[in-house]
Amino acid sequence: MDESRSLHQRVLELAEAMAQPEERERPLLEALCTAAEADAAGRLRDDLTPESCGFAYLCAAAMLAVSGLLPCREDGGTEQFTAGDVSIRTASGGCGAGAALRRQAAGLMAEYWRDDGFAFVGVRG
């Protein structure tokens, strides 16, 4: 990857490689990259910058952007069809893939992001 490119250009390049956007999707993907970069940077620990996280930040921001694009794509296929004893069902427009990408991005950034304060607490019964 070309180091002379801006952080945004590098994130967009990775997001395009993952999503393979159609021409009409490119403006949306670029906006999603900008939002994902702001989200990922806003969650960083105080002692870190996006640049100090290296490829983890670039990949995570791209994954977050693509996770926003996938549900916007129209599947156009049959969601569910039943005729007698035969039933056909297809997955819908990328929602599961989007959630998986968000989890993967969080995993990549776990050591860089601030603690979000979430914890499981045991309750004595």
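Predicted model: local features only at pLDDT ≥ 70, side-chain atom pairs only at ≥ 80, totals over all residues.
**Ground rules.** Local features need pLDDT of at least 70 and side-chain atom pairs count only at pLDDT 80 or more, while totals for chains, interfaces and linings use all residues. Residues are numbered from 1 along each chain as its sequence is written, and side-chain values use heavy atoms, with hydrogens and water left out.

**Core.** I looked up the largest nonpolar core and found 29 residues in it. A nonpolar core here is a set of buried Ala, Val, Leu, Ile, Met, Phe, Trp, Tyr and Cys residues joined through side-chain atoms within 4.5 Å. Buried means under 20% relative accessible area, exposed over 50%, and partly exposed in between (1.4 Å probe, protein chains only). The members touching the most others are Leu29, Cys33, Cys53, Tyr57, Val66, Met109 and Tyr112. Two or more residues each come from helices H1 (7–19), H2 (26–42), H3 (55–69) and H4 (95–109). H3 gives the most, with 11 residues. Helices are DSSP runs (H or I, at least four residues), numbered from the N terminus.

**Met109.** I checked its contacts (heavy atoms within 4.5 Å). Leaving out residues up to four places away in sequence, Met109 touches Leu44, Cys53, Ala56, Tyr57 and Ala60.

**Ser67.** This one is in helix H3. Ser67 counts as buried because its relative accessibility is 4%. With residues up to four places away in sequence not counted, Ser67 touches Gly98, Leu101 and Arg102.

**Cysteines.** I looked for disulfides (pairs of cysteine sulfur atoms within 2.5 Å) and the structure holds 0. Cys33 is buried, at 0% relative accessible area, and Cys59 is partly exposed, at 24%.
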